[in-house]
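Biologist: I am new to this structure and would like to learn how to read it. Could you take me through a few features, one at a time?

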Amino acid sequence: MVQDQLLEIFKSKSARDINSKRHLIDVDNFTPDEIKTIMQTTKLCLKWMDTKLAPMNLFAANLVGNLFFENSTRTRSSFELAATNLGARVLNLDIDKSSVVKGETLEDTAFTLISMGVNALVIRHSQDHIQSDLSKILPSDVSVLNAGDGITAHPTQALLDFFTMSQIAGDLTDKKIVIVGDIKHSRVARSNILLLKKMKAKVEVCGPQKLMPGADELKRMDVFVQEDLNAAIASADFVMALRIQKERLQSDMQLSFEDFQKQYQINHERLEQAKSKAKILHPGPVNRGVELTDQLADDSKLSLIRTQVRNGVAVRMAMMALLFSRRPC
Ligand code: CP
């Protein structure tokens with residue numbers, strides 16, 4: 001039984017350590033052993049999803065508040081599904097119709113929901129580090145789960161990407177992952193780089209100079225910058241294409257999508273020319289015809305995009321289960 005196996009995992013030191021952290025702010029909060037426990041829990045949650053059972057009854061005492069200050073399809077829907085799969089209840093706050101529009105602060109919004117019984121806040125926000133700041137002032141029985149902050153972190157995306165690649169390659173030690181495109185504005189890239197390096201994978205980044213972080217940040221990231229896309233993908237195990245973040249581009253940046261497409265688009269011709277056997281990931285939403293061609297995005301032999309989305313529900317179930325295991329029914 002999946003639920004019995006979950007209860008066994010919760011007894012492990014690593015699961016108890018994850019639980020004692022209370023929050024999910026970014027992947028650097030976890031040790032490699034804890035990441036392995038998150039992956040093991042995700043595998044069980046996926047097994048549960050595959051059997052299409054009724055919601056679990058372990059977590060009915062939990063009430064999750066979804067607060068999305070930026071648009072989202074995948075993350076918001078999968079956090080909601082994950083919580084309901086676990087048997088928790090979900091409150092989706094419609095930010096545009098809430099008192100946030102009247103100027104209410106995030107702190108007041110959070111405490112208002114907590115007063116109503118919410119014990120976990122899933123937050124997406126354009127402001128960097130806002131979930132981390134909030135987590136420091138909340139009562140000790142409330143968890144914050146970061147669903148993406150500014151350009152800083154998107155921990156559940158990195159965890160689901162890691163899980164998806166591990167399903168194919170097993171241990172990712174020394175596997176080469178090339179991240180292509182708008183690294184500068186990407187919280188997905190930042191969380192992925194932290195996680196992949198922690199788990200001893202080789203990471204290269206590739207993209208136009210205008211879409212690269214500054215030299216100091218690249219040095220801190222400790223990743224290899226490969227300017228030649230064909231060289232990068234030739235020996236890659238996985239290629240992760242990133243969305244060009246139109247909403248975060250400065251108006252004076254003058255990025256030509258046509259030039260980007262010519263030099264950095266991942267497509268069948270380029271993969272064949274480079275004799276690449278890499279599988280393709282993309283966090284979504286895809287700017288079709290820019291980062292990837294339609295044909296490649298929809299190629300079920302090479303593209304992992306739909307698998308990533310499905311795994312996203314399981315990884316979010318796993319994270320909430322591990323954080324909620326201190327307050328079962
Ligand atoms: N990958 C991702 O964060 O997608 P959404 O913006 O749709 O949640």
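Biologist: Let's begin with charged pairs. How many salt bridges does the count come to?

Modeller: A salt bridge is a side-chain nitrogen of Lys or Arg within 4 Å of a carboxyl oxygen of Asp or Glu. By that rule, there are 11 salt bridges here. Keep in mind that this is a predicted model, where local features need pLDDT of at least 70, side-chain atom pairs count only at pLDDT 80 or more, and totals for chains, interfaces and linings use all residues. Residues are numbered from 1 along each chain as its sequence is written, and side-chain values use heavy atoms, with hydrogens and water left out.

Biologist: Which residue forms a salt bridge with Lys-21?

Modeller: Glu-34 does, and the closest N and O atoms are 3.1 Å apart. Glu-34 lies in helix H3 and Lys-21 in helix H2 (residues 13-21), so this pair ties together parts that are 13 residues apart in sequence. Helices (H or I, at least four residues) and strands (E, at least two) are DSSP runs, numbered from the N terminus.

Biologist: Is Glu-34 buried or exposed?

Modeller: Buried means under 20% relative accessible area, exposed over 50%, and partly exposed in between (1.4 Å probe, protein chains only). Glu-34 is buried, at 5%, while Lys-21 is partly exposed, at 29%.

Biologist: Now the helices. At what angle do the axes of H3 and H7 cross?

Modeller: Axes are lines fitted to C-alpha atoms, for helices over the stretch in contact, and angles run from 0 to 180 degrees between N-to-C directions. Helix H3 (residues 32-51) and helix H7 (residues 155-169) cross at roughly 75°, with their axes coming within 11 Å. Angles under 35 degrees count as roughly parallel, over 145 as roughly antiparallel, 65 to 115 as roughly perpendicular and the rest as oblique. H3 and H7 are therefore roughly perpendicular.

Biologist: And in what order do the strands of the open sheet come?

Modeller: Two strands pair if DSSP finds at least two bridges between them. The order of the 4 strands is S2-S1-S3-S4, with parallel pairing. At the edges are S2 (89-93) and S4 (143-149), each pairing on one side only.
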